[in-house]
Amino acid sequence: MKLSFAPLALVASLALALAACGHGGAAPSDASATPAAGGSQHGDFGAPQGEPIHATLTSPPHVPPPIHRDKPAKVIVELEVIEKELPISEGVTYTFWTFGGTVPGSFIRVRQGDTVEFHLKNAPDSKMPHNIDLHGVTGPGGGAASSFTAPGHESQFTFKALNQGIYVYHCATAPVGMHIANGMYGLILVEPPEGMPKVDHEYYVMQGDFYTTGKYREKGLQPFDMEKAIDEKPTYVLFNGKEGSLTGDNALTAKTNETVRLFVGNGGPNLVSSFHVIGEIFDSVQPEGGTVAQHNVQTTLIPAGGAAIVEFHTDVPGSYVLVDHSIFRAFNKGALGILKVDGPENKLVYSGKEVDSVYLGDRSEPNLKAVTAAAKAHAAGTLTKDEQIAAGKQLFTGTCSVCHQASGEGLPNVFPPLAKSDFLAADPKRAMNIVTHGLTGKIKVNGKEYDSVMPPMAQLTDDEVANILTYVLNSWGNPGGQYSKEEVAKARATPASPAPAGEH
């Protein structure tokens, strides 16, 4: 590879690199390029042959069908930027900036050697100009320099897909971080000329970190928080742009004795992902989208602006949980999904007994519609006790039932019962202080002493605490009653008081 040093060109390329992700400018090789381990790394396989092809784009978690061509083609990609308000969690919305109307953006699939004619459209009602930087492009800014597009306009540029692999694309319009943080990223797959080995299922999963002014699960429309983003303190860490996007009715599916290929990206803008599937071992991982695979991998790192291809074989049925193994992100910020595998048991491989509730929290529920209904009713000023109880039951299932049990009976000598609790009945308001401030030390409940630690449930919003406690107060023989969001907020703001004398 020859390098020429043109000072003006170098200065221009450096300037573009500061505004977007830079890409190599190597001269294209020809079809005689020597393949490296894992396939041809860089090659121009000649001029496009046949009629132009319009690319099939898919929304996550779906992937376009494999390419069965043995010749390069001209592939036309048409992608529209749409700014739209979408759910980010139950009862919470966010104004996303999207490629194709989804987060992540549409999945693009081409073949190494293809000539790609790229059309970027920006919807007329957009408030911002946008562009696109595709990490699979060899050229200034990965296409960003040629695709700056004002609202109501369309830009076009052409590139040759010289390198096989799975690549991130994202917006690179200033402020770059804000555009990415609002959901402007996706994946483009450049298949090797010989194609990819056949599998039973291919899925598209992409992690992103989101920064809202409100705390985790605080209801209503949440604006972007630039200060949190700069400080790298996300409110949410999510797969496919929404908490619960891959759970319940939206879970990925497979059958036993099938092969699954996941194209896993990380849009960032800040965090590195420790991608793991609980209960599976990756037969093969192409780290960072490269051509050399690793085998028998438990967890793989995916950098911000990077991607990987992971493959595994399903042996036994059950719910397999996709997580970022920086584990608080999974259980307290939303980075959690499900692959539901159906089929016959294989007791020689695994004896059984699923423990989904421990891993999934409230996402083990098929949905959280009651939570959404309660949030809407509260906003309208029509929230009833029955609506609070229904929402609280769903939230309790994930947040509290692991320790206190679904029956409210607790665990003997470890976690006190909530059912027919004389401790709660003596002062129902006491429960708000315990949930918001935590409790450490000895207490006596129903004649038995317990000495354990309950941390403050800071991850719960005031309305979630109110709904959970209203459910508890009206269940399992407890005296009944109702908590309000405003009462919980007052309790949270008031310094914790010690347990009554004789009970600590």
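Reader: Is Leu348 buried or exposed?

Author: First, a caution: this is a predicted model. Exposed means over 50% relative accessible area. Leu348 has a relative accessible area of 86%, so Leu348 is exposed.

Reader: Where does Leu348 lie?

Author: Leu348 is in the loop between β21 and α5 (356–360). Together with Val349 and Tyr350, Leu348 forms a nonpolar patch on the surface. The accessible area of the three together is about 370 Å².

Reader: Now a loop residue from another place. Is Glu90 buried or exposed?

Author: Buried means under 20% relative accessible area. Glu90 has 17%, so Glu90 is buried. Glu90 sits in the loop between β2 (74–89) and β3 (92–99).

Reader: Which side chain does the side chain of Glu90 make a polar contact with?

Author: That of Thr372, at 2.5 Å. Glu90 and Leu368 are 278 residues apart along the chain, yet 6.6 Å separates their C-alpha atoms.

Reader: On to strands. How do strands of a sheet pair?

Author: They pair through backbone hydrogen bonds, either parallel or antiparallel. Take a parallel case here: β13 and strand β21 (residues 336–342) are joined by four bridges. Leu252 has Leu339 in β21 as its bridge partner.

Reader: Where do the side chains of β13 point?

Author: They alternate along the strand, residues 252–255. Leu252 and Ala254 point to one face and are buried.

Reader: What is the strand order in the open sheet of six strands?

Author: Read across the sheet: β12-β10-β14-β19-β16-β17, with mixed pairing. β12 (236–239) and β17 (294–297) stand at the edges. Each has a single partner strand, so one side of each lacks a neighbour in the sheet. On average, neighbouring strands of this sheet are turned by 25° against each other, direction ignored.

Reader: Which residue stands opposite Val285 in β19?

Author: Val310. The strands to look at are β16 (residues 282–286) and β19 (residues 306–313), which pair in the antiparallel sense over three bridges.

Reader: What is the order in the open sheet of four strands?

Author: β4-β9-β8-β6, again read across, and the pairing is mixed. The edges are β4 (108–111) and β6 (133–134). Each has a single partner strand, so one side of each is left without a neighbour in the sheet.

Reader: How many bridges join β6 to strand β8?

Author: Two, and the strands run antiparallel. β8 covers residues 165–170. Find Asp133: His170 in β8 stands opposite.

Definitions and conventions
Residues numbered from 1 in each chain as written. Predicted model: local features only at pLDDT ≥ 70, side-chain atom pairs only at ≥ 80, totals over all residues. Heavy atoms only, no water. Buried < 20%, exposed > 50% of the residue type's maximum accessible area, 1.4 Å probe, protein only. Pairing = 2+ DSSP bridges. Axes fitted to C-alpha atoms, helices over the stretch in contact; angles between N-to-C directions. Patch = residues over 30% accessible without salt bridge, like charges linked within 9 Å, V, L, I, M, F, W, Y side chains within 5 Å. Areas by Shrake-Rupley, 256 points an atom, 1.4 Å probe, with all protein chains shown as cover. Salt bridge = Lys/Arg side-chain N within 4 Å of Asp/Glu carboxyl O. Polar contact = N/O pair within 3.5 Å; in protein donor to acceptor, adjacent residues only side chain to side chain.
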